[in-house]
Amino acid sequence: MARGALVIGAAAALAVAGCSSKSTNNGSGGGAAEALKITPLIQVDAQGNEVPKADTSAAADPAGDGKAKCAPNTAIAYVGALTGPNAALGININYGAKLAVDKHNKANPDCQVVLKNFDTEGDPQKASQLVPQVVQDQSIVAMIGPAFSGETKATGPIFNSAGLLALTPSATNPDLTKNGWQTFFRGLGHDGLQGPAVAKYLTKVAGYKKICVVQDNSDYGTGLAQAVIAGLGAAADPSCAVNIKANDRDFSAAVSKLSSAKPDAIFYGGYYAESAPLVQQLRSAGVKTPFVSGDGSRDLQFIKQAGDAAKDALLSCPCGPEPDDFTNDYKALNKQDPGTYSVEGYDLSTIVLKAIDSGKVTRSALVDHVRNYEGQGLARKYKWDATGELTNALIWVYQVK
């Protein structure tokens with residue numbers, strides 16, 4: 001689509017938006033909400049400018065050439081939420097990794113890699129109890145995760161001391177790569193990129209002049225919200241900033257403050273477990289202000305839990321859209337649609353599997369493999385700098401419609 005047409009369409013969609021303890025469906029969906037989907041709108045750089053989608057036809061295939069040989073106990077660990085209030089985000093990653101391993105093992109009878117799952121519930125304390133088990137299991141040569149920023153911050157010194165590769169598909173707090181960890185690599189853009197990108201998009205493309213920023217108290221939500229505020233500049237109105245706590249469900253005070261402020265848009269930094277009831281309560285109170293959030297809300301559970309109130313929400317994410325062939329394979333294996341970070345879980349697992357297939361089966365060899373890796377995936381091209389950040393990361397803006 002031509003840039004002009006896409007930008008006009010995106011702005012029109014934004015205008016329309018102004019008019020209108022477990023991760024499960026809470027029953028608030030139904031009716032029109034059943035047909036709602038999270039649709040890619042535009043890919044942008046840090047200045048909010050459109051960037052064309054890359055050609056992923058040459059993406060790495062986890063099946064390889066089918067000739068791989070490895071020890072029977074060779075394993076990859078997934079470390080992240082499989083239960084808990086934001087479990088869907090972790091399940092998406094896990095199922096993406098599962099698909100990569102499944103394709104690999106079917107094609108390579110002499111190298112059957114095991115995927116070992118460690119459920120942190122997205123809780124830093126639980127993660128701190130589990131990660132020692134992961135690093136002590138010498139069959140595990142690499143880790144996909146940790147999934148969330150808080151648990152990554154809590155466990156970083158452990159996996160770094162053990163020399164275990166920590167390849168996260170989803171932990172986006174910018175400070176994670178500033179700890180001097182030598183084994184940590186981030187497989188997507190961080191919030192220091194996402195925040196300015198969505199901020200510039202909202203001010204330059206949508207033309208919003210006054211935006212209220214709401215944030216939860218998680219490492220992820222706080223980091224993203226602060227990056228958005230910095231990117232918004234004068235458009236971020238501090239008089240209507242709102243802080244909430246994870247696991248809160250009554251947002252009447254926040255709704256009252258946001259309603260009185262009459263902003264052009266509301267941005268929420270945090271996870272879908274809170275953004276779903278927040279937007280639902282805003283709409284129930286008659287607040288029709290466009291609702292914007294980040295990757296923590298870009299999940300089908302946001303729609304299921306918010307119901308019709310999710311319609312027209314804008315959701316930014318450093319995660320890439322799910323290609324059709326990937327979606328079909330994912331659904332056939334996992335019996336559900338892919339979601340946020342599913343492609344990243346698949347891509348990063350594929351990179352690890354390629355290393356194993358080439359005979360790199362020690363932890364140090366896996367770290368070196370990723371440090372020197374350069375290749376196309378389904379979501380993006382992967383190449384890391386010395387700090388463990390991607391050398392080129394972009395942001396997508398999605399819309400619920």
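What volume does the largest cavity have? Before I answer, let me say that what we have here is a predicted model, and that the protein chain averages a pLDDT of 91, with 92% of the residues scoring at least 70. The part to treat with care is residues 1–30, where pLDDT stays under 50, although the model does have 54 contacts beyond four places in sequence for that stretch.

Now to the answer: the volume of the largest cavity is about 60 Å³. Its lining includes the run Trp181, Gln182, Thr183, Phe184 and Phe185, together with Arg371 and the run Asp385, Ala386, Thr387 and Gly388.

Let me turn to the second largest pocket, which holds about 370 Å³ of space. There are 18 residues lining this pocket, and the ones closest to its centre are Gly122, Asp123, Pro124, Ser218 and Ala246. Two helices, α4 (149–161) and α6 (219–232), each supply at least two residues of the lining, and the lining as a whole divides into 6 nonpolar, 6 polar and 6 charged residues.

Next, the sheets. In one of them, 5 strands form an open sheet with parallel pairing, and if you follow the strands across you meet them in the order β3-β2-β4-β5-β6. The edges are β3 (114–119) and β6 (184–186), each of which pairs on one side only, and from one strand to the next the twist averages 25°. Within this sheet, β2 (residues 75–80) and β4 (residues 140–144) pair in the parallel sense over 4 bridges, and you can find isoleucine 76 standing opposite alanine 142 in β4. Lying across β2, β3 and β4 is helix α2 (residues 87–107), which runs at about 170° to β3.

The other sheet I would like to show you is also open, but here 7 strands take part, the pairing is mixed, and the order is β1-β14-β11-β10-β9-β7-β8. Its edge strands, each pairing on one side only, are β1 (38–44) and β8 (242–243).

Methods: Residues numbered from 1 in each chain as written. Predicted model: local features only at pLDDT ≥ 70, side-chain atom pairs only at ≥ 80, totals over all residues. Heavy atoms only, no water. 1 Å grid on protein atoms, 1.4 Å probe; cavity = no way out; pocket = protein on both sides within 12 Å on 5 of 7 lines; lining within 4 Å. Points joined across faces, edges and corners; volume = space filled by probe spheres on them. Nonpolar A, V, L, I, M, F, W, Y, C, P; charged D, E, K, R; others polar. pLDDT = per-residue confidence, 0-100. Contact = heavy atoms within 4.5 Å. Pairing = 2+ DSSP bridges. Axes fitted to C-alpha atoms, helices over the stretch in contact; angles between N-to-C directions.
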